[in-house]
Amino acid sequence: MRRNDIRVCVVGLGYIGLPTAALIASRGATVIGVDIDPSVVATIADGRIHIAEADLDGLVQKVVFSKKLLARGEPEPADVFMIAVPTPLSGNKKPVIDHVLAAAHSIAPHLAKGNLVILESTSPVGTTEQICDLLAELRPDLTFPGYENGQALPDIAIAYCPERVLPGRILIELVQNDRCVGGLTPACAARARHFYELFVRGKCIETSARTAEMVKLTENAFRDTNIAFANELSLICDHVGIDAWEVIELANRHPRVDILKPGPGVGGHCIAVDPWFIVDAAPHQARLIRVSREVNDGKADYVFSRVRELIETYPERNVTCLGITFKANVDDLRESPALEIVERLAADCGSRIQVVEPFVDELPPLLAKHGARKIELEEALDQSGILVVLVDHDAFRRVGVERRNGAIVYDTRGIWRHTPPVSRESAAQLA
Ligand code: SAJ
């Protein structure tokens, strides 16, 4: 397979699908990018993007204008079909794979002998096999892995290859990270590995589809559990009156200790979600993983309560929440603990709540409905009110200690460590 000869159909043009489609197109392949949202298709067809990601705008513009990336509402025939659609959680914390199954339905009529189908969406163990069963049912004229009917190789190869890129560094990590390529059979894995090697510089390692599905979930559960350790430690340190950031900084000087950073909780569409897929698959065994999720979710409750205390202690001061995105320097609000905290504060305190968020143009409607308003960072700093750091955006990090003089600071991210933390006692004395 040579890059310039292949046609790739990427289903789902979100945070993973669009950068992946653009990258593959930039390497010479023709890519049909498919999304069910007509506004997404129209935006991309115009050479523009609907998400914020470093350097993505220029790349998409280039590949759209050179006709290497074609935005469409429906799949078209291709050599490789890649599914990169969301796999959310239901209200009772169960994985929902409806979008994956719908994507498989949509590509089924276009499949032809020799095609490779790859699932990239984070998925419960066994999903790739489910896709295979579904496609085999929809296309009885073709053979699939496990349904070879005596053929040496099936007509269609199927593999699971999870994305593992970090938002904000997607285009770099898509190329540099090692990939784990899980085939439904070893031959499927080998096909998929050859495909990824066309644009990945990291090592592509073959395994089974079930193992690759579990590897993806494991990576995010590992990080969630490690952040939970840091968040729990921050609660313990608050309780005993010690600066958690200093404890972590000093403990990390041990050669085998590497504690992550506490924050207002864990957000995003991945780490706050994926561990539940493991809990759902093995509820009795996944005890630490479940508790880690609960610790991280509980941190947002704790931060909310601390800010409420400050609001009551300083009734004359405005409260400015710095940041509502799920993490630094991105525009993504999905599962954001900062947003959850600000929504709860706004519901209780309405127009006393102000928000500085350089990565969104307008506040989400619920915040505006409660009377919260968006202000600029400089205005917040001029007010000498209560400053609550919820997101560690670079713009907030750069604010010097003299500029926040006079403000009451509650810094959940530890970016302003030179401002003494507000303890309950000192807050009471100052009031
Ligand atoms: N966070 C902390 N403390 C830390 C690190 C992170 O509170 O020390 C918080 C962040 O503020 C954020 C959340 O955790 O709310 C998640 O942020 P993140 O930067 O750790 O991860 P994501 O969600 O942007 O991306 C993760 C990555 N997974 C791992 O690092 C194991 C990424 O590689 C995956 O591709 C991505 O999930 C995904 O799509 O699954």
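Is Glu249 buried, exposed or partly exposed, and what is its relative accessibility?

Reply: The model is a predicted one. In it, Glu249 counts as partly exposed, because its relative accessibility is 47%, and a residue is called exposed only over 50% and buried only under 20%. Glu249 has its place in helix 9, which covers residues 244–251. Along the chain, Glu249 and Ile259 are 10 residues apart, and from C-alpha to C-alpha they are 8.5 Å apart in space.

Trp245, whose number falls within the range 244–251 of helix 9, is among the residues in contact with Arg413. Arg413 itself belongs to the loop between strand 13 (408–411) and helix 16 (424–430). Although its side chain is charged, Arg413 is buried, since its relative accessible area is 14%. Its side chain reaches the backbone oxygen of Leu390 at 2.9 Å. Leaving aside neighbours within four places in sequence, Arg413 also has contacts with Pro262, Gly263, Pro264, Phe326, Val389, Leu390, Val391 and Asp392.

Phe326 leads on to the ligand. Among the 20 residues around the ligand, those that come nearest are Glu163, Val165, Lys216, Arg223 and Phe326. This shell is made up of nine nonpolar, three polar and eight charged residues. Three pairs of atoms may be described individually. A polar atom in the side chain of Asn220 lies 2.7 Å from an oxygen atom of the ligand. In the case of Lys261, a polar backbone atom is 2.7 Å from a nitrogen atom of the ligand. In the case of Lys327, an N or O atom of the side chain is 2.8 Å from an oxygen atom of the ligand. The ligand taken alone exposes 760 Å², of which the protein buries 89%.

Asn329 may be considered next. It is located in the loop between strand 9 (319–322) and helix 12 (337–349). Asn329 counts as partly exposed because its relative accessibility is 31%. A second residue with a positive phi is Asp55, where the angle is near 65 degrees and the residue is again other than glycine. Asp55 lies in the loop between helix 2 (38–45) and helix 3 (56–65), and it counts as exposed because its relative accessibility is 61%.

The loop between helix 2 and helix 3 also holds Gly47. Gly47 is buried, since its relative accessible area is 6%. Gly47 and Val64 are 17 residues apart along the chain, while their C-alpha atoms are separated by 5.5 Å. Beyond four places in sequence, Gly47 touches Asp57, Val60, Gln61, Val64 and Phe65.

Apart from neighbours within four places in sequence, Ile44 is in contact with Leu13, Leu18, His50, Val60, Val64, Leu69 and Ala71. Ile44 is one of the residues with the most contacts inside the largest nonpolar core, together with Val8, Leu69, Phe195, Tyr196 and Phe199; this core has 45 residues. Helix 1 (residues 17–26) gives the most to this core, namely six residues. Another core, of 30 residues, lies apart from it and includes Val117, Leu119, Leu142 and Ala209. In soluble globular proteins, nonpolar side chains tend to be buried together.

Strand 3 (residues 69–72) contains Arg72. Arg72 counts as partly exposed, because its relative accessibility is 31%. Its contacts beyond four places in sequence are Ile32, Gly33, Val34, Asp35 and Val41. Arg72 and Tyr160 are 88 residues apart along the chain, and their C-alpha atoms are separated by 24 Å.

Finally, Thr87 is situated in the loop between strand 4 (80–83) and helix 4 (98–107). Thr87 is buried, since its relative accessible area is 5%. Its side chain reaches the backbone oxygen of Thr122 at 2.5 Å. Not counting residues up to four places away in sequence, Thr87 touches Val96, Ile97, Val100, Ser121, Thr122, Ser123, His269, Val273 and Phe277.

Technical notes
Residues numbered from 1 in each chain as written. Predicted model: local features only at pLDDT ≥ 70, side-chain atom pairs only at ≥ 80, totals over all residues. Heavy atoms only, no water. Core = buried A, V, L, I, M, F, W, Y, C linked by side-chain atoms within 4.5 Å. Buried < 20%, exposed > 50% of the residue type's maximum accessible area, 1.4 Å probe, protein only. Helix = DSSP H or I, 4+ residues; strand = E, 2+ residues; numbered from the N terminus. Contact = heavy atoms within 4.5 Å. Near = heavy atom within 4 Å. Polar contact = N/O pair within 3.5 Å; in protein donor to acceptor, adjacent residues only side chain to side chain. Areas by Shrake-Rupley, 256 points an atom, 1.4 Å probe, with all protein chains shown as cover.
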